Amino acid sequence: MSETPLTPAVPVSDADLLARTVTAVRAAGSALRERFGDVVPHRTREELMRALAANDDTALDILRPRLTDLRPDAGWVEDELDGGALPAGEWWVVDPAEGNVNHLHALPEWAVTATLVRENRPVLTAVHLPLTGETYTALAGAGAHVDGRPLHVSRTADLVLGIVATSQARPDEDEKVVQRVGSSITAMLFDALVVRTSVPASLHLLNVAAGRIDAFWQFAGARADLLPGALLVTEAGGRISDAEGRPWTPRSESFLAAAPGIHAGAVATLSR
């Protein structure tokens with residue numbers, strides 16, 4: 001009996017991968033939205049960690065099988081506090097509930113993010129905001145969009161006219177980093193028009209990509225925080241570096257995303 005020959009697999013383009021990634025993050029976001037509403041009480045750190053894990057698991061139960069099916073050989077990163085470079089190859093960097101603490105406190109600033117990283121470079125990302133229904137996407141070399149509409153960073157050319165943002169140091173951060181965060185906020189209060197401080201980082205970065213905020217900076221930081229926004233801002237015409245103006249990589253100890261017109265001014269302020 002002869003065997004039926006296998007049909008060769010049809011290569012999937014990155015654009016098609018992005019479209020399917022969008023479907024996955026939207027499905028995960030719908031599940032998290034059903035859990036959103038009342039403040040979730042927690043009297044101890046252990047109770048808080050269990051509540052955070054319950055949200056993560058709800059989204060991961062949807063994201064992991066769908067994204068793994070898209071790229072079976074890709075690695076998987078879901079710890080939002082992990083930093084540094086990734087091993088060679090492709091990796092899914094996922095934050096199933098970006099802004100998870102906000103979700104538990106019935107605050108609207110949270111999202112679901114998924115980014116495909118290839119040889120330590122983000123090639124596509126999807127950031128879904130379940131409460132507004134918006135999905136921000138970027139594809140390397142093809143621009144950044146929100147629900148299909150192109151994104152562009154602002155044309156602000158003077159830091160004194162700029163709205164800038166940062167997020168706080170992560171839990172249990174080194175004391176020197178915490179002090180550096182505080183001194184940078186003080187410096188920006190003198191040099192910028194408005195300084196916003198909140199979490200999560202991804203929401204600030206999509207606002208930089210959309211031209212609503214002129215710059216975002218952060219010290220230390222994690223891959224899941226920064227990779228989605230780094231690609232969004234770059235593809236929207238912004239500049240990415242570390243706080244001293246050097247090229248940014250996941251190994252960098254600081255991060256700056258800014259409209260081109262105020263990037264140099266932001267570097268000067270943060271370097272004082």
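This is a predicted model: local features need pLDDT of at least 70, side-chain atom pairs count only at pLDDT 80 or more; totals for chains, interfaces and linings use all residues.
**Thr-21**

I started with the side chain of Thr-21, which reaches the backbone oxygen of Leu-17 at 2.7 Å. I counted this as a polar contact, meaning a pair of N or O atoms within 3.5 Å; within protein, one must be able to donate a hydrogen and the other to accept it, and residues adjacent in sequence count only if both atoms are side-chain atoms. Thr-21 sits in helix H1, residues 14-34.

Residues are numbered from 1 along each chain as its sequence is written, and side-chain values use heavy atoms, with hydrogens and water left out.

Is Thr-21 buried or exposed? Thr-21 counts as buried because its relative accessibility is 0%. My scale calls a residue buried under 20% relative accessible area, exposed over 50% and partly exposed in between, with a 1.4 Å probe and protein chains only. Leaving out residues up to four places away in sequence, I found Thr-21 touching Leu-67, Leu-70, Trp-92, Ala-114, Leu-124 and Ala-126; contact here means heavy atoms within 4.5 Å.

**The cores**

Next I looked up the nonpolar cores, each a set of buried Ala, Val, Leu, Ile, Met, Phe, Trp, Tyr and Cys residues joined through side-chain atoms within 4.5 Å. The largest has 35 residues, and Tyr-136, Leu-151, Phe-216, Leu-232 and Phe-255 have the most contacts inside it. Elements that each supply at least two residues of this core include strands S2 (90-98), S4 (121-129) and S12 (254-258), along with helices H5 and H6 (223-235). Which element gives the most to this core? It is H6, with 7 residues. Apart from this core lies another, of 27 residues, among them Ala-24, Ala-31, Leu-67 and Leu-116.

I then followed Phe-255. Setting aside neighbours within four places in sequence, its contacts include Leu-205, Phe-216, Leu-226, Ile-240 and Trp-248.

**Aromatic pairs**

For ring pairs I took Phe, Tyr and Trp (its six-membered ring) with centres within 6.5 Å; planes under 30 degrees apart count as stacked, over 60 as edge-to-face and the rest as tilted. That rule gives 3 aromatic pairs. One of them joins Phe-36 and Trp-110, tilted, at 5.5 Å centre to centre and 40 degrees between the planes. Phe-36 is in the loop between H1 and helix H2 (45-70), while Trp-110 is in the loop between helix H3 (100-104) and S3, 74 residues apart. Phe-36 counts as partly exposed because its relative accessibility is 23%, and Trp-110 counts as buried because its value is 2%.

Phe-216 and Phe-255 form another tilted pair, with 6.4 Å between centres and 55 degrees between planes. The pair links strand S10 (residues 215-219) with strand S12, 39 residues apart. Both Phe-216 and Phe-255 are buried. I also noted that Phe-216, Trp-248 and Phe-255 form one aromatic cluster.

**Backbone checks**

A reminder to myself: most residues other than glycine have a negative phi, and most peptide bonds are trans. Glu-119 is not a glycine, yet its phi is positive at about 50 degrees. Asn-120, also not a glycine, has a positive phi of about 65 degrees. I placed Glu-119 in the loop between S3 and S4, and Asn-120 is in the loop between S3 and S4 too. Glu-119 counts as partly exposed because its relative accessibility is 49%; Asn-120 is partly exposed, with a relative accessible area of 23%.

Where is the cis peptide bond I looked up? It runs from Val-199 to Pro-200, with omega near 5 degrees. Pro-200 lies in the loop between strand S9 (194-197) and H5.

H5 (residues 201-209) is mostly covered, with 9 of its 9 residues buried. His-204 and Asn-207 are among them. Just after H5, Gly-211 takes a positive phi of about 80 degrees.

My last stop was Ala-140, in the loop between S5 and S6. Ala-140 counts as partly exposed because its relative accessibility is 42%. Ala-140 and Asp-14 are 126 residues apart in sequence and 9.0 Å apart in space, C-alpha to C-alpha. Not counting residues up to four places away, Ala-140 touches Pro-122, Val-123, Leu-231 and Glu-235.

Notes: Helices (H or I, at least four residues) and strands (E, at least two) are DSSP runs, numbered from the N terminus.
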